[in-house]
Amino acid sequence: MLFKSRKMKISVPRSDGLNSHDEELSEGNHEEQPAQRKSMLEEAIEREFEVSNLPAAIESPEEFHDSTGSTEDDEEEQSAKRLSMLEEIEQESEAATKGSEQQEVNDLMSGDKVEEEQDLFSPMLSVYKRRRQLKEEDEDEENNREERWEGFRFSLDLIVEVLKKLPAKSLVRFQSVSKEWSTIISSRRDFINSIVTRSLAQPPHKLPLFIFFHCVPEAFFTVSSSFSQSPKHAVSLPRPDSIDPSYEYCYSHSFEHIYARGLICCYSSVSHLVTIYNPTTRQSVPLPVMEPPVTRFQEQRSYCHFGYDPVMNQYKVLSFSVDDKEKKQSIYVFTLGGSQSWRKLQGIDEKLLTEGLGLCVDGIIYYVATRREKGKKRGETVLLSFDIRSERFDHVWAPESMLRAVLSIGIAVNHLGKLGFIGHNRIGTSLWILENAEKQEWSKITLGMPDADPLEMLRCGHSGFSGVTPAGEIFVTEWHYFYHKSVYVYYYDTKQNSFRRVEIQGTSPENIKNPVDGSVCVFPIHDHVENTMCL
């Protein structure tokens, strides 16, 4: 096109009457007004078409026609061309003006504006440059920090191995480090198993863990190796929405517990409210209500059994709601981490009512039951089993003498990893051990010295035997603590036929500042293991 060039030399008459001289018309020159630029462009067009060679004075179209010999149509065509070219030049000029304005902005940002404009915008420009410099420095520091961290980043397997060496209290705190750490500590099966195994490997004569149950003024319990009046870390037991005032005392003194692999199942025998507590993480979870609270304490009772299946890595609660008047019971099961609801089960025989004595060993819950029928005397006593994984009930053969002694005064114990029962009758105290669960073979150990029985010596103020330590010692704990004297745990070594006692720390009268009315029930746990599982 004729006007593609962005820069041209034109001659413009000066307004001061001086001779015209060449001026440069460029994109960046917008000192002239739009009208002046238009005039200059028109003159350029006239120069390009050599308008100056035309007659200087044309008064009419006829004269112009006569002098050039052109037709009127030719004149209109030439005029249209001139207008079209003028419009194109104006469009190019406007585009150049916009480009020039953008360049001015860029020049201002880069500091290359003319001196007077630099003086005007220099404070703003200095602030902008400083902020940009600080931002670049922060980005460089962040990149350097990430590069340094990449050099020290450990593999996941190494992190897991390091965490396995830390104390349980530290692990509980470190769950807040990241979501990944929390999952490893509270949910990863191999990690939790390593913590449990490490805890089992500790010396067998370690101090037990105690459950201190307070029933005045409110029902709550604490779990610790020593007694304290502080309500810190206290766990309140759920109460029914409404309870008969005549049963208030029975309710506050109906606390029961079952321990299994680091977790404690707590419940009341006069209600169907169950709570699971983890002493390691101090986390407690109340389970959903399965039935309305018992309304007739003398006629209704509730029992729970609690166990762990190592194959499926599952904890389950087996609950019995017994109606002594109608001689029948309802059985429910609850799986921790499952559907969060109780499921009703069909027992082996609805007339075999549980006696509450039971224990879980190797994924099997063993419990004692008695046949009872309405209008008849108590029938046979049997030992039943419940497979946690398959949820199947079965009969287990047991010596009749053991079952009779256990119903008198007895307890189920874990004796060096095997099911055991300690029973007492007028003949004496004996320990029965299920040596082979598949063949149902039992062994019996008679306890006590010829002239004294350990249970008879400690009978007053005690609830009976409390359990067996991992070292094989049978221990007894004073059940009620009334603040006026220290509480002791008594140990009986069956091999050495000897006694020893250990005072529970914090129970000495001088440590009690504000004794309250009533008593505190003490329940020891000698085979406690640390467990970081999240409930």
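Two strands are taken to pair if DSSP finds at least two bridges between them, and strands themselves (E, at least two residues), like helices (H or I, at least four), are DSSP runs numbered from the N terminus. The model is predicted, so local features need pLDDT of at least 70 and side-chain atom pairs count only at pLDDT 80 or more, while totals for chains, interfaces and linings use all residues. Residues are numbered from 1 along each chain as its sequence is written, and side-chain values use heavy atoms, with hydrogens and water left out.

Strands of a sheet pair through backbone hydrogen bonds, in either a parallel or an antiparallel manner. In this model, an open sheet of 5 strands has the order β5-β4-β3-β27-β24, with antiparallel pairing. Its edges are β5 (235-236) and β24 (480-481), each of which pairs on one side only. Within this sheet, strand β3 (residues 209-214) and strand β27 (residues 520-525) run antiparallel and are joined by 6 bridges. One of the residues involved is H214, whose bridge partner in β27 is V520.

Another open sheet contains 4 strands in the order β6-β7-β8-β9, and the pairing is again antiparallel. Here the edge strands, pairing on one side only, are β6 (255-260) and β9 (283-286). From one strand to the next the twist averages 20°. The antiparallel pairing of β6 with strand β7 (residues 263-268) extends over 6 bridges, and I258 stands opposite C265 in β7.

Two packed helices are described by the angle between their axes and the distance between the axes. Axes are lines fitted to C-alpha atoms, for helices over the stretch in contact, and angles run from 0 to 180 degrees between N-to-C directions. Angles under 35 degrees count as roughly parallel, over 145 as roughly antiparallel, 65 to 115 as roughly perpendicular and the rest as oblique.

The axes of helix α5 (residues 156-164) and helix α8 (residues 189-200) come within 10 Å and cross at roughly 25°; the two helices are therefore roughly parallel to each other. Their crossing is right-handed, a term for the near helix being turned clockwise from the far one by less than a right angle (anticlockwise is left-handed). Contact, meaning heavy atoms within 4.5 Å, is made by V160, L163 and K164 of α5 with D190, F191, S194, I195 and R198 of α8. By class, this contact has 4 nonpolar, 1 polar and 3 charged residues, where Ala, Val, Leu, Ile, Met, Phe, Trp, Tyr, Cys and Pro count as nonpolar, Asp, Glu, Lys and Arg as charged, and the others, Gly among them, as polar.

Helix α7 (residues 179-187) packs against α8 at an angle of about 55°, with the axes 6 Å apart, which makes α7 oblique to α8. On the α7 side the contact involves I184, I185, S186 and S187, and on the α8 side R189, F191 and I192. These comprise 4 nonpolar, 2 polar and 1 charged residues.

Helices α5 and α7 also pack at an angle of about 55°, with their axes 11 Å apart, and α5 is therefore oblique to α7. This crossing is right-handed. L156, I159, V160 and L163 of α5 meet E180, W181, I184 and I185 of α7, and the contact divides into 7 nonpolar, no polar and 1 charged residues.

Across the whole structure, a search finds 19 aromatic pairs. Rings of Phe, Tyr and Trp (its six-membered ring) pair if their centres lie within 6.5 Å; planes under 30 degrees apart count as stacked, over 60 as edge-to-face and the rest as tilted. Among these pairs, F421 and W442 are tilted, at 6.5 Å centre to centre and 40° between the planes. This pair links distant parts of the chain, with F421 in strand β19 (residues 418-425) and W442 in strand β21 (residues 441-447), 21 residues apart.
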